[in-house]
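Please open the model in your viewer and keep a selection tool at hand.

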Amino acid sequence: MDQIHDAVRQQFSQHAEYYAQSKVHSEGETLGVLVDFAELNGTEKALDIATGTGFTAFALAPKVVNVTATDLTPAMLDQAKTLARERGLRNIDFQVAPAEASPFEAESFDLVTCRIAPHHFRNVPQFLSETYRVLRPGGLFCMVDSVCPESERLIEWQNRVEKLRDRSHVWGYPPSQWREMIEQSGFSVEREAHTHNALQPFSWWADRPGNSPEQVQQIRAAFDELTPEEEPIFAIRREAGELYFAWPMYCVKARKPALS
Ligand SMILES: C[S@@+](CC[C@H](N)C(=O)[O-])C[C@H]1O[C@@H](n2cnc3c(N)ncnc32)[C@H](O)[C@@H]1O
């Protein structure tokens, strides 16, 4: 029994319909960054890991030969299949698969993408090593994830807050640790971009995983631990009794070395 995978499936099965309608996921700025990083020329076989309700796969599909879109949660893939049909996208294959144990042969893909998901992965080095294995030499890995600031205190704070809110959260790293893990897996990092996700109203965000009012209160109290100097790092704004914030996001383009 894998408790982390079970928690992920439970969490995302409950909210698959929400993700299918989420503008943060369907339109977020990082989708454009990722497609730009991917340098598409129309000949690629792409793999989108943890595709969720499919928005990254949908952005790639019209520009490549084929996308294989995988996820741990069948309910998320069901939503993705419906949306792909509605959009008339026929070159996407959907498959249930964990990021840490890819069912594909070595060197099967020209491009691997993964967006707003690795903070749920129980073993990031294993995910990176599987990604490296399934890419052809010279192939690209383009990833986007929510990240923590480069501060021990804020890494502890942000992960504590995320885990209080959602028990399928595993760990958010700062960009420097992502870069190190990606390079240790054999990739060369070619480009990086640092941005924020869209501003979210705290009460909507904290409520959504089905938390009790006491749990929401506990998460809200944690936001009061931030100093005035730390608040801008999370774009914190207070308006009409609501607190708005945004997590930092990290986008990276990395290449598996070509054969010499
Ligand atoms: C926020 S959604 C992904 C959003 C999507 N990539 C996009 O661009 O719209 C996170 C997804 O990660 C999946 N996931 C979490 N842990 C996973 C794992 N270990 N292997 C595969 N998928 C996983 C969840 O099932 C969920 O569908």
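Predicted model: local features only at pLDDT ≥ 70, side-chain atom pairs only at ≥ 80, totals over all residues.

Residues are numbered from 1 along each chain as its sequence is written, and side-chain values use heavy atoms, with hydrogens and water left out.

**Stop 1: the helix pair**

Select residues 124-134, helix H7, together with residues 175-184, helix H9. Helices (H or I, at least four residues) and strands (E, at least two) are DSSP runs, numbered from the N terminus. The two helices pack at an angle of about 45°, and their axes are 9 Å apart. H7 is therefore oblique to H9. Axes here are lines fitted to C-alpha atoms, for helices over the stretch in contact, and angles run from 0 to 180 degrees between N-to-C directions. Angles under 35 degrees count as roughly parallel, over 145 as roughly antiparallel, 65 to 115 as roughly perpendicular and the rest as oblique.

Next, show the side chains of Val124, Phe127 and Leu128 in H7, which meet Trp178, Met181 and Ile182 in H9 (contact means heavy atoms within 4.5 Å). By class, this contact has 6 nonpolar, no polar and no charged residues. Ala, Val, Leu, Ile, Met, Phe, Trp, Tyr, Cys and Pro count as nonpolar, Asp, Glu, Lys and Arg as charged, and the others, Gly among them, as polar.

**Stop 2: the largest cavity**

How many cavities of 30 Å³ or more does the structure hold? There are 2. A cavity is a set of points on a 1 Å grid, over the protein atoms alone, where a 1.4 Å probe fits but cannot get out; lining residues have an atom within 4 Å of a point. A volume is the space filled by probe spheres set on the points.

The largest cavity has a volume of about 690 Å³. Select Phe12, Tyr19, His25, Ile116 and His120, the closest to its centre of the 43 lining residues. Then colour helix H1 (3-14), which gives the most to this lining, with 4 residues. The lining of the largest cavity has 20 nonpolar, 15 polar and 8 charged residues.

**Stop 3: the second largest cavity**

Finally, return to H7, which gives the most to the lining of the second largest cavity, with 3 residues. This cavity holds about 60 Å³ of space. Its lining includes Leu47, Ile49, Glu130, Thr131 and Val134, and divides into 8 nonpolar, 3 polar and 1 charged.

Note on methods
1 Å grid on protein atoms, 1.4 Å probe; cavity = no way out; pocket = protein on both sides within 12 Å on 5 of 7 lines; lining within 4 Å.
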